[in-house]
Amino acid sequence: MGITTQCKTLSPIAEDILGKRYYHEGEDWKGLCERVASVISNGDKELVDDFFDVMYNLDFLPNSPTLANAGKESDRQQLSACFILPVEDDIVEIMETVKNTAIVHKSGGGTGFDFSSTRPKGSPVSSTNGVASGPLSWMKIINATTEEVKQGGMRRGANMGTLRVDHPDILDFILCKKNDKTMTNFNLSVGVSDVFMDAVEKGDDFELVNPHNKEVILTDAREIFDIICKNSWESGEPGMIFIDVVNSTNPVPHLGAIKSSNPCGEFYFIPFGVCNLGSINLVNMLKSVEDGRYVIDFDRLKKITEIAVTFLDKVIDVNHFPLPEIHDMAHNTRPIGLGVMGLADMLLYMKLPYDSDAGREMVGKVMKFIDDVGWATSNMLGRELGTFPEFQQENLPSQKTPRNCQITTIAPTGTLATFAGVSFGIEPNFNFVYRRKIVDSEFIQVHPLFEKVAKEEGFYSEELMETLRTTPSLKVRNLAGVPEHVKEYFITAFDISPEDHVKMQATVQKYVDNAVSKTINLPYDATSEQIGELYMMAWKLGCKGITVYRDGSRDDQVIVAVKES
Ligand code: ADP
């Protein structure tokens with residue numbers, strides 16, 4: 001069995017969030033798990049107990065919309081977190097997309113849009129004899145709609161907006177948040193091609209192409225790249241999407257090219273794509289062995305992965321999708337997004353530094369295992385229930401009978417990890433002392449493992465714990481009395497070099513079918529050139545996208561605000 005010291009009991013903050021937004025009338029955690037297990041197993045008695053157990057024990061949790069909406073009346077039973085909506089160069093189509101955005105946000109889902117097919121600012125519009133106001137005007141409409149829907153929805157809405165780097169309005173796009181302070185409901189990413197990145201490396205010219213009339217403007221690739229980096233330095237945005245890398249693993253290329261992702265960057269798909277996520281709590285997959293060390297219980301991880309894949313596949317069948325195109329896409333491609341949470345805590349228990357080769361090796365082993373077991377389960381489900389209708393062997397050469405076009409995706413787990421009481425997704429810990437305010441009381445918590453290790457290693461004292469509690473900004477790394485080898489693995493996001501952040505993302509990406517949500521943390525004094533080097537590094541290591549955050553550069557990050565709402 002896994003260790004359960006910090007996970008079986010829900011924290012006061014978890015209960016607070018659950019009570020406000022997740023529990024149905026008169027429910028508690030057990031009731032919620034019973035409701036969700038019953039709806040998702042859909043009458044299959046063999047599955048219902050397994051589904052209940054994995055959630056109740058916090059071994060695996062499906063994404064927030066599944067927890068909150070399962071069991072609501074049928075047209076409100078929207079269970080997915082990620083949507084990709086189309087943006088055509090046509091006002092009527094845009095309004096349809098705006099409507100669908102509102103529906104998705106109300107139900108707790110996030111939406112991604114690519115604006116690259118819209119004609120640039122100043123282009124003629126023949127039907128009205130006017131001129132187009134460009135992709136940014138479409139973004140404004142969606143941004144304003146999100147703002148309005150915020151009030152009544154399950155949580156504040158979130159959007160990802162992408163524009164290809166070869167769109168003539170690319171500079172307006174890069175600067176749009178700087179120029180328009182109301183654009184707060186979008187995360188931005190530039191879709192960069194391999195041709196562009198090569199041109200940046202070589203210092204070559206680069207072609208901007210008008211999507212409407214195919215007119216070409218020649219520009220300097222490095223100039224655009226530098227502007228992207230400078231803005232990321234200032235505000236953390238825009239991020240980059242390596243669009244050719246993304247399309248190289250498109251499981252359904254015959255249905256179209258991928259151009260965008262959901263708000264946090266873990267799900268890239270074609271328009272009308274939708275994905276329901278779920279995450280395995282890696283801390284619960286550990287077991288202690290005789291000498292007090294912790295190792296992964298691979299038998300248990302296999303069992304939990306099999307249940308999780310079956311669960312996520314079943315979600316598709318009972319999900320109420322907001323429009324027929326999304327319903328059809330979901331049923332024809334059946335993507336699921338199995339990820340992990342508590343990865344950094346898992347490494348802590350194993351005493352492996354997050355920024356070490358040994359740490360990355362262990363992470364690679366675990367992720368490969370989950371991906372392999374996940375695909376084996378999907379192939380088994382496919383033999384029983386049929387492969388996904390759009391399966392074409394050449395697109396997934398190593399699979400024979402998969403039920404799903406993708407298995408793994410790493411979500412941020414902004415809420416789920418808080419429920420499970422573990423570190424977020426694959427992110428390192430931000431601190432080992434947490435100060436949290438709930439209603440009128442303030443809770444100061446020290447990471448439970450720290451006390452345990454301090455006692456085991458003989459450096460525990462009441463005085464030391466008190467120092468930690470009363471000076472939360474103090475890093476374990478700077479704490480007198482903590483042995484050097486303990487300081488090596490008790491590290492926070494800002495102790496880890498930006499390069500090591502990228503290396504961890506790339507390690508995980510190697511074994512993940514879709515993508516990885518991760519922030520690359522930089523110190524306040526990092527330079528914009530350094531950001532450029534990290535972007536290059538991420539591209540060369542096979543990452544699908546990259547988001548950086550320089551300490552202190554921004555206080556209104558969409559998704560941070562979102563998580564706390
Ligand atoms: P959770 O832990 O609540 O299940 P995550 O933090 O893992 O959610 O985010 C997963 C995805 O859910 C995001 O990438 C995004 O698509 C969607 N999402 C998260 N927060 C919001 C929000 N406030 N509004 C809309 N969508 C959201």
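Author: The general idea: in soluble globular proteins, nonpolar side chains tend to be buried together. Here the largest nonpolar core has 142 residues, and Val36, Val192, Phe242, Leu282 and Ala308 touch the most other members. A nonpolar core is a set of buried Ala, Val, Leu, Ile, Met, Phe, Trp, Tyr and Cys residues joined through C-beta atoms within 7 Å; buried means 20 or more other C-beta atoms within 10 Å of the residue's own, with C-beta atoms placed from the backbone. Keep in mind that this is a predicted model: local features need pLDDT of at least 70, side-chain atom pairs count only at pLDDT 80 or more, and totals for chains, interfaces and linings use all residues. Numbering runs from 1 along each chain as its sequence is written.

Reader: Which helix gives this core its largest share?

Author: Helix α12 (residues 298-318), with nine residues; helices are DSSP runs of H or I, at least four residues, numbered from the N terminus. Another core, of five residues, lies apart and includes Val252 and Phe388.

Reader: And what does Phe242 touch?

Author: Leaving out residues up to four places away in sequence, Phe242 touches Val192, Trp539, Cys543, Lys544 and Gly545. Contact means C-beta atoms, placed from the backbone, within 7 Å.

Reader: How many residues surround the ligand?

Author: 23, the closest being Ala81, Gly110, Cys264, Gly414 and Thr415. The cut-off is a C-beta atom, placed from the backbone, within 6 Å of the molecule. Domain 1 (12-77 + 278-333 + 341-418) and domain 2 (82-261 + 559-564) each supply at least three residues of that shell; the bounds come from an automatic or database domain assignment.

Notes: A residue is buried if 20 or more other C-beta atoms lie within 10 Å of its own, exposed if 12 or fewer, and partly exposed in between; C-beta atoms are placed from the backbone. Helices (H or I, at least four residues) and strands (E, at least two) are DSSP runs, numbered from the N terminus. Two residues are in contact if their C-beta atoms, placed from the backbone, lie within 7 Å.
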